[in-house]
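Here are a few exercises to work through with the structure open beside you. Try each task before reading its solution.

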Amino acid sequence: AAAENVKTTPAVIWQIGKAIWDLVKNNKAVVDYTTDWAGAVPENVTDWTQLTEWTTWKSSMYKFEFKNFLGQKLSEFTWKYTCQYGGKYNGAGKYLTLCGASINEIYAYGLYGEQVQVSAKGSKPFNYGTADNPIGGLNLQVVMSSEGHFEKTVVGCQITMKGDSTFTVIQCDQN
């Protein structure tokens, strides 16, 4: 809900939800999809359910995979970016909520002691539209580390998601 006596300016976008959260710890999914997400809504709105006309979006599948010098798979993480987009505030704008990463598969080769950790991050909420027709957007990032007996490797993938359902891949290792 908007705080009492605080003006809501639909063209000024701020972030709700979390800034960073864990998806995978020690090869196990630890994400709670009800609380682990980010959104971009009008400033001073703290409850995304005040907005209407949400639509669900899912990206195609993304994958991080590590193999050893023999070509054996050591670890893998596959996911889809997910979001609710198009939310309207008092009938105007296109905003975002419940944005994050939906886990498809976690694999770690136990014989080699591989440890997979994955986190997600939401950042930089911005109005990609106009003052009269705001389009909320934010950056979503997934970062994976795979650590075995001999080395630790970290990879990441970042997109900018917008309230009109368009997205841009900023940078994505291995994809």
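**Exercise 1.** Work out what volume the largest pocket has and which residues are closest to its centre.

*Solution.* Start with the volume: the largest pocket comes to about 330 Å³. Next, the lining: 15 residues line this pocket, and those closest to its centre are Asn68, Leu74, Glu114, Phe150 and Glu151. A pocket here is an open set of points on a 1 Å grid over the protein atoms alone where a 1.4 Å probe fits, with protein on both sides within 12 Å along at least five of seven lines; lining residues have an atom within 4 Å of a point. This is a predicted model, where local features need pLDDT of at least 70 and side-chain atom pairs pLDDT 80 or more, while totals for linings use all residues. Residues are numbered from 1 along each chain, and side-chain values use heavy atoms, without hydrogens and water.

**Exercise 2.** Find how many disulfides the structure holds (cysteine sulfur atoms within 2.5 Å) and how they pair up.

*Solution.* Count first: there are two. In sequence order, the bonded cysteines pair 1-2, 3-4.

**Exercise 3.** Describe the link between cysteine 83 and cysteine 99.

*Solution.* Their sulfur atoms sit 1.7 Å apart. The S-S torsion is about 50°, so this disulfide is right-handed.

Methods. Points joined across faces, edges and corners; volume = space filled by probe spheres on them. Disulfide = S-S within 2.5 Å.
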